[in-house]
Amino acid sequence: DAPRAGSVESLAAVEWFTPQPAEAPNSRPRSYDEGCQQNQNDAEVVTCGWVQGGTQGRVAVVGDSKIVQWESALEAVAQDQQWQLVAHVKSACAFSAGVQLLDSGETYASCVEWNSNVVDELLASAPDVVVVSSRATRALADPQDTGSSSNAAMVDALATQWEKLTDAGIGVVVLLD
């Protein structure tokens with residue numbers, strides 16, 4: 001019998017399909033092996049140079065682990081366009097001015113502090129563009145009320161954070177999760 005269309009077996013038969021299904025569990029961005037993602041406990045900004053030496057612009061990549069899924073694509077574009085590409089990533093922490101909750105239901109205090117630190121870093125280093133993406137979809141409407149988490153509050157928190165950059169003349173590009 002021929003492999004069913006769309007099955008792992010049929011994809012394995014397509015030479016250009018990368019990574020091959022059997023290799024997929026081991027295929028992940030190198031940022032994870034290089035310690036380029038800040039953990040959930042600490043607020044220090046970790047900066048990783050994804051592409052260095054570019055002379056045609058400086059691009060910062062900011063967000064949670066979802067932005068890391070774009071690493072290989074962004075690196076290819078940066079190399080082609082001769083951009084310098086740096087990343088600031090924190091586990092489960094959207095680049096926003098809002099307060100998120102941890103899975104435990106507690107406020108994600110180190111995320112709030114990290115966001116403040118990243119904004120300071122970006123305003124000081126003034127990249128040409130900041131590329132953002134995140135998985136988080138909810139923030140607290142009232143930081144004192146852990147029951148006030150909503151999508152609308154996150155939308156406001158994202159817009160507020162991005163506006164800090166655009167007001168400083170830094171472009172913002174948003175990639176949907």
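This is a predicted model: local features need pLDDT of at least 70, side-chain atom pairs count only at pLDDT 80 or more; totals for chains, interfaces and linings use all residues.

Tutor: The secondary structure of the protein chain comes to 5 helices and 8 strands, and from the N terminus on, the elements run α-β-β-β-α-α-β-α-β-β-β-α-β.

Student: What are the dimensions of the box that the C-alpha atoms fill, and how many of the residues count as buried?

Tutor: Taken along the principal axes, the box is roughly 60 × 45 × 25 Å. Of the 177 residues of the protein chain, 37% count as buried, and the accessible surface comes to about 9,900 Å², of which 48% belongs to carbon and sulfur atoms.

Student: Why is Val 86 called buried?

Tutor: The relative accessible area of Val 86 is 19%, and buried means under 20%, so Val 86 is called buried. Val 86 is found in strand β4, which covers residues 84–90, and, leaving aside its neighbours within four places in sequence, it is in contact with Thr 47, Cys 48, Gly 49, Trp 50, Val 59, Ala 60 and Val 61.

Student: Why is Arg 58 called partly exposed?

Tutor: Arg 58 has a relative accessible area of 31%, while buried means under 20% and exposed means over 50%; the value of 31% lies in between, and therefore Arg 58 is called partly exposed.

Student: Where does Arg 58 lie, and what is Arg 58 in contact with, leaving aside its neighbours within four places in sequence?

Tutor: Arg 58 lies in strand β3, and with those neighbours left aside its contacts are Gln 84, Ser 125, Ala 126, Pro 127, Asp 128 and Val 129. Across the protein chain, among contacts between residues at least 6 apart in sequence, 72% join residues at least 24 apart.

Student: What makes the phi of Gln 82 worth a remark?

Tutor: Phi of Gln 82 is near 60 degrees, which is a positive value in a residue other than glycine. Gln 82 lies in the loop between α3 (71–81) and β4, and with a relative accessible area of 43%, between the limits of 20% and 50%, Gln 82 is therefore partly exposed.

Student: Which residues have the most contacts inside the largest nonpolar core?

Tutor: The largest nonpolar core has 17 residues, and those with the most contacts inside it are Val 62, Phe 95, Trp 114, Val 118, Leu 122 and Val 130. At least two residues of this core are supplied by each of β3 (58–63), α4 (109–125) and β5, and the largest share, 5 residues, comes from α4. Apart from this core lies another, of 15 residues, among them Cys 36, Cys 48, Leu 74 and Val 131. In soluble globular proteins, nonpolar side chains tend to be buried together.

Student: How many residues line the largest pocket, and which of them lie nearest its centre?

Tutor: The largest pocket is lined by 16 residues, of which Ala 92, Gln 100, Leu 101, Asp 103 and Arg 135 lie nearest its centre. Its volume is about 370 Å³, and its lining divides into 7 nonpolar, 5 polar and 4 charged residues.

Student: What is the volume of the second largest pocket, and which residues are the closest to its centre?

Tutor: The second largest pocket has a volume of about 200 Å³. Of the 14 residues that line it, Ser 134, Leu 158, Val 174, Leu 175 and Leu 176 are the closest to its centre, and the lining divides into 9 nonpolar, 3 polar and 2 charged residues. Both β5 (129–133) and α5 (151–167) supply at least two residues of this lining.

Key. Residues are numbered from 1 along each chain as its sequence is written. Side-chain values use heavy atoms; hydrogens and water are left out. On a 1 Å grid over the protein atoms alone, a cavity is a set of points where a 1.4 Å probe fits but cannot get out, and a pocket is an open set with protein on both sides within 12 Å along at least five of seven lines; lining residues have an atom within 4 Å of a point. Grid points are joined across faces, edges and corners, and a volume is the space filled by probe spheres set on the points. Ala, Val, Leu, Ile, Met, Phe, Trp, Tyr, Cys and Pro count as nonpolar, Asp, Glu, Lys and Arg as charged, and the others, Gly among them, as polar. Helices (H or I, at least four residues) and strands (E, at least two) are DSSP runs, numbered from the N terminus. A nonpolar core is a set of buried Ala, Val, Leu, Ile, Met, Phe, Trp, Tyr and Cys residues joined through side-chain atoms within 4.5 Å. Buried means under 20% relative accessible area, exposed over 50%, partly exposed in between (1.4 Å probe, protein chains only). Contact means heavy atoms within 4.5 Å. Accessible areas come from the Shrake-Rupley method with a 1.4 Å probe; for residues, only the protein chains shown count as cover.
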